[in-house]
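Hi everyone, thanks for coming. I'd like to walk you through one model today, so please have a look at it on the screen.

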Amino acid sequence: MALIITVLQIIRVPNLKVGTVLLTCAFFYDIFWVFVSKWVFHKSVMIEVARGYKSGEEGIPMLLKIPRICDPWGGYSIIGFGDIILPGLLVAFSLRYDWLCKKSLRAGYFLWTMTAYGLGLFATYVALNLMDGHGQPALLYIVPATLGTFLMLAAKRGELKHLWTRGEPYRTCPHTQLQPAE
């Protein structure tokens, strides 16, 4: 968890355009390695790597294991750090933008983006249980929820162009203002 928090503190998405490209690429990457790789390699590469297939290890340390509720066999679901960090960059961007614009919680983007992330994660676990535990690409559900919510809200508020290109509010620096001539 400390690694995830550190990454989110260090890496910043400068504007919505960069965030959209990043999440869209991650969206298709996740889908390819979970679903399409089955046809190419006869097994889902991402699921095999995450479970530590034939390595004698417990699995890669870049994921979180979440115990399944009411599972009599003590099974668990896994979520990769990328499924947390990449959408987290958009959530952090929304929080930073709200803070710089001095927006309230309801008038800003953070609350809605964070709620959408939670709903996307919930949809992932519902799909995981409906598919009898077969791996699901979490970004398949999280990216449309978070990015879609952010884009629709920005478009509705008339701030999409500004967020897309600039990503931060216009501010005047008090140190660079011209001094009155004497």
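When I say helix, I mean a DSSP run of H or I with at least four residues, and a strand is a run of E with at least two, numbered from the N terminus. This is a predicted model, where local features need pLDDT of at least 70 and side-chain atom pairs count only at pLDDT 80 or more, while totals for chains, interfaces and linings use all residues. Residues are numbered from 1 along each chain as its sequence is written, and side-chain values use heavy atoms, with hydrogens and water left out.

A word on confidence. pLDDT is the predictor's confidence in each residue, from 0 to 100. The chain has a mean of 83, with 81% of its residues at 70 or more. Helix α3 (residues 45-51) has the lowest confidence, a mean of 65, and α6 the highest, at 96.

Now, how do α4 and α6 pack? Helix α4 (residues 81-101) and helix α6 (residues 139-157) meet at an angle of about 5°, with axes 10 Å apart. Those axes are lines fitted to C-alpha atoms over the stretch in contact, and angles run from 0 to 180 degrees between N-to-C directions. The two helices are therefore roughly parallel to each other; that label is for angles under 35 degrees, with over 145 roughly antiparallel, 65 to 115 roughly perpendicular and the rest oblique.

Who makes the contact (heavy atoms within 4.5 Å)? From α4 the residues include Gly82, Leu86 and Phe93, and from α6 they include Leu139, Leu147 and Phe150.

Let's stop at Gly82, which lies in helix α4. Gly82 counts as partly exposed, at 33% relative accessibility; buried means under 20% relative accessible area, exposed over 50%, and partly exposed in between, with a 1.4 Å probe and protein chains only. Beyond its neighbours within four places in sequence, Gly82 touches Pro87 and Leu139. Its C-alpha is 9.5 Å from that of Asp30, 52 residues apart along the chain.

On to the rings. Rings of Phe, Tyr and Trp (its six-membered ring) pair if their centres lie within 6.5 Å; planes under 30 degrees apart are stacked, over 60 edge-to-face, and the rest tilted. The structure holds 6 aromatic pairs. One of them, Tyr109 with Phe150, is stacked, at 4.8 Å centre to centre and 15° between the planes. Tyr109 is buried at 0% relative accessibility, and Phe150 is buried with 0% too. Finally, ring pairs join Phe93, Tyr97, Tyr109 and Phe150 into a cluster.

Conventions: Contact = heavy atoms within 4.5 Å.
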